[in-house]
Amino acid sequence: MSLSSVNVVCRKCGSALFAMRTLKSIRDTLRPSHGRCTVCGAMLNPGDFTVSVERWNNSI
């Protein structure tokens, strides 16, 4: 899985109220490249990946 940034912003003034990271599935991450490595072009199988999650301290 990959992390993508999500920002909560005030519509009126544009101030960033909150920033967070969300998880995306491997399948969703590979979709833009049609399941291929963007460097060498190899086909990538979402089932071949392992996922680990670690705590990350972010001082926002």
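Trainee: What kind of model is it, and how are residues numbered?

Mentor: This is a predicted model, where local features need pLDDT of at least 70, side-chain atom pairs count only at pLDDT 80 or more, and totals for chains, interfaces and linings use all residues. Residues are numbered from 1 along each chain as its sequence is written, and side-chain values use heavy atoms, with hydrogens and water left out.

Trainee: And what is the mean pLDDT of the protein?

Mentor: The mean is 77, and 78% of the residues reach 70 or more. pLDDT is the predictor's confidence in each residue, from 0 to 100.

Trainee: Where is confidence lowest, and where is it highest?

Mentor: Strand β1 (residues 2–9) is lowest, with a mean of 69, while helix α1 (residues 26–30) is highest, at 85.

Trainee: How many helices and strands are there in the protein?

Mentor: The protein has 1 helix and 2 strands, and from the N terminus on they run β-β-α. Helices (H or I, at least four residues) and strands (E, at least two) are DSSP runs, numbered from the N terminus.

Trainee: What share of the residues is buried?

Mentor: Of the 60 residues, 5% are buried. Buried means under 20% relative accessible area, exposed means over 50%, and partly exposed is in between (1.4 Å probe, protein chains only).

Trainee: What about the accessible surface of the protein?

Mentor: That comes to about 5400 Å², with 54% of it belonging to carbon and sulfur atoms. Accessible areas come from the Shrake-Rupley method with a 1.4 Å probe, and for residues only the protein chains shown count as cover.

Trainee: Which residues make the nonpolar surface patch?

Mentor: Val8, Leu17, Phe18 and Met20 make it, at about 370 Å². Strand β2 (residues 16–24) gives the largest share, 3 residues. Patches are made of residues with over 30% relative accessible area and no salt bridge: like charges are joined within 9 Å, nonpolar side chains (Val, Leu, Ile, Met, Phe, Trp, Tyr) within 5 Å.

Trainee: Where does Val8 sit, and what is Val8 in contact with?

Mentor: Val8 is in strand β1. Leaving aside neighbours within four places in sequence, Val8 is in contact with Ser15, Ala16, Leu17 and Phe18; contact means heavy atoms within 4.5 Å. The C-alpha atoms of Val8 and Phe18 are separated by 5.0 Å, although the two residues are 10 apart along the chain. Val8 is partly exposed, with a relative accessible area of 36%, and Met20, in strand β2, is also partly exposed, at 35%.

Trainee: New topic. How many salt bridges does a search of the whole structure find?

Mentor: The search finds 1 salt bridge. Arg31 pairs with Asp28, and the closest N and O atoms are 2.8 Å apart. A salt bridge here is a side-chain nitrogen of Lys or Arg within 4 Å of a carboxyl oxygen of Asp or Glu.

Trainee: Are those two buried or exposed?

Mentor: Arg31 is exposed, with a relative accessible area of 52%, whereas Asp28 is partly exposed, at 33%.

Trainee: What is Gly35 in contact with, beyond its sequence neighbours?

Mentor: Leaving aside neighbours within four places in sequence, Gly35 is in contact with Leu30, Ala42, Met43 and Leu44. Gly35 lies in the segment after α1 and counts as buried, at 12% relative accessibility.

Trainee: Last one: what is the phi of His34?

Mentor: Phi of His34 is near 55°, a positive value in a residue other than glycine. Most residues other than glycine have a negative phi. His34 is found in the segment after α1 and counts as exposed, at 67% relative accessibility.
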